[in-house]
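Student: Can we go through this one together? I'd like to start with the terms and then go on to the details.

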Amino acid sequence: MASAHKFISEPKTAAAVHSGKHDGGQPKPGVDQGPIHLINAGLVDQLKELGWNVQFDGHHQFEEVSAESDPPIGVLKNPRLVSRVSRSVADVVGSHARRGELPVTIGGDHSLAMGTISGTLSHHPDACVIWIDAHADINTVETTPSGNIHGMPMSFLLGLNKTRISEYDWVKQVLTPDRLVYIGLRDVDAGEKTILREQGIKAFSMHEVDRYGIGRVVEMALDHVNPRRDRPIHLTFDVDALDPSVAPSTGTPVRGGLTFREGHYICEAIHETGLLAAFDIMEVNPSLADAEAVKATVAVGCSLVRSALGETLL
Ligand SMILES: NC(=[NH2+])NCCC[C@H](N)C(=O)O
Ligand SMILES: [Mn+2]
Ligand SMILES: [Mn+2]
């Protein structure tokens with residue numbers, strides 16, 4: 001079919017690996033070191049071996065915002081730092097996308113998705129978002145139980161906050177609830193459940209993964225956000241979607257998660273659509289486990305990126 005795969009008629013060959021060294025969206029130190037570990041594990045060369053022309057931007061040195069000059073706004077913690085870092089990530093991802101490259105962002109905490117998704121949508125306004133996570137990260141200023149902004153990026157992207165925080169005015173409300181789908185959820189706050197219901201947002205929790213199997217779930221997720229398979233896809237993957245036995249070194253682990261294969265299957269299946277426009281791997285925190293568990297988490301982070309960028313088993 002000529003029209004079905006418009007977006008892939010020119011296959012992408014250039015990947016821009018972008019390091020989101022950032023921890024301001026949550027309280028546990030170390031998640032800003034995640035990208036250093038993935039790069040040191042050889043990710044760039046691994047992608048080159050897959051045939052990609054890889055440009056590594058280096059570890060981004062974000063503007064410093066000292067804790068003293070960043071008091072909470074309402075309940076939001078580190079609000080200026082998170083906003084400024086995400087904003088510069090949006091610029092970087094957007095400019096790579098405009099050059100026809102596939103931006104791969106290595107986090108860092110998941111508040112960065114405010115930036116990565118804003119960047120993707122600035123170039124592909126019709127893109128859809130597939131969000132792989134134990135958490136929905138859709139708390140609003142009104143519902144957040146923690147004030148940690150890594151639990152909130154989706155509320156800003158969808159314009160759900162009733163309280164205006166002018167620091168976040170740059171986040172344009174370009175995504176619509178029908179172009180978002182979740183897979184892997186199992187720790188969703190009460191306020192978030194209400195939002196998902198009221199906004200009619202499609203979510204496949206671990207319950208649906210158990211019931212239908214991951215193959216059917218990915219197909220149903222794509223049918224929902226991408227019925228004609230013509231929308232560019234932004235795939236954002238929080239490693240805590242995986243079971244803690246697979247990815248132990250992360251800030252908010254939740255038992256009962258995706259298996260190693262289920263996680264990789266998602267990435268492989270999205271690659272097969274030919275529609276992948278941007279990929280994020282988030283929340284690897286190398287300081288929360290012993291050396292062996294850290295190594296396993298970093299390795300799985302790298303292999304998820306490889307799967308999303310076309311590594312196959314045969
Ligand atoms: N990106 C993450 N790991 N998010 C965890 C969010 C946890 C909780 N729902 C909160 O709002 O604080
Ligand atoms: Mn997350
Ligand atoms: Mn999570």
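Tutor: A residue is buried if 20 or more other C-beta atoms lie within 10 Å of its own, exposed if 12 or fewer, and partly exposed in between, with C-beta atoms placed from the backbone. Residues are numbered from 1 along each chain as its sequence is written, and chains are lettered from A and ligands numbered from 1 in the order in which they are written. This is a predicted model, where local features need pLDDT of at least 70, side-chain atom pairs count only at pLDDT 80 or more, and totals for chains, interfaces and linings use all residues.

Student: What does Tyr265 count as?

Tutor: Tyr265 counts as partly exposed because it has 18 C-beta neighbours inside 10 Å. Tyr265 lies in helix H8, residues 260-273; helices (H or I, at least four residues) and strands (E, at least two) are DSSP runs, numbered from the N terminus.

Student: New topic. How many residues of strand E4 are buried?

Tutor: 5 of the 5 residues of E4 (residues 128-132) are buried, so the strand is largely enclosed by the rest of the structure. Cys128, Ile130 and Ile132 point one way, and Val129 and Trp131 the other way.

Student: Which strands does E4 pair with?

Tutor: E4 pairs in the parallel sense with E7 (residues 233-238) over 5 bridges, and with E5 (residues 180-185), also parallel, over 4 bridges. Pairing requires that DSSP finds at least two bridges between the strands. Cys128 stands opposite Ile233 in E7, and Trp131 stands opposite Tyr182 in E5.

Student: Which residues come nearest to ligand 1?

Tutor: His110, His135, Ser146, His150 and Gly151, out of 16 residues around ligand 1. A residue is near a molecule if its C-beta atom, placed from the backbone, lies within 6 Å of it.

Student: Last one: what is the mean pLDDT?

Tutor: The mean is 94, and 96% of the residues reach 70 or more; pLDDT is the predictor's confidence in each residue, from 0 to 100. Over residues 1-11, pLDDT stays under 50. For the complex, the predictor gives an ipTM of 0.97 and a pTM of 0.95.

Technical notes
Two residues are in contact if their C-beta atoms, placed from the backbone, lie within 7 Å.
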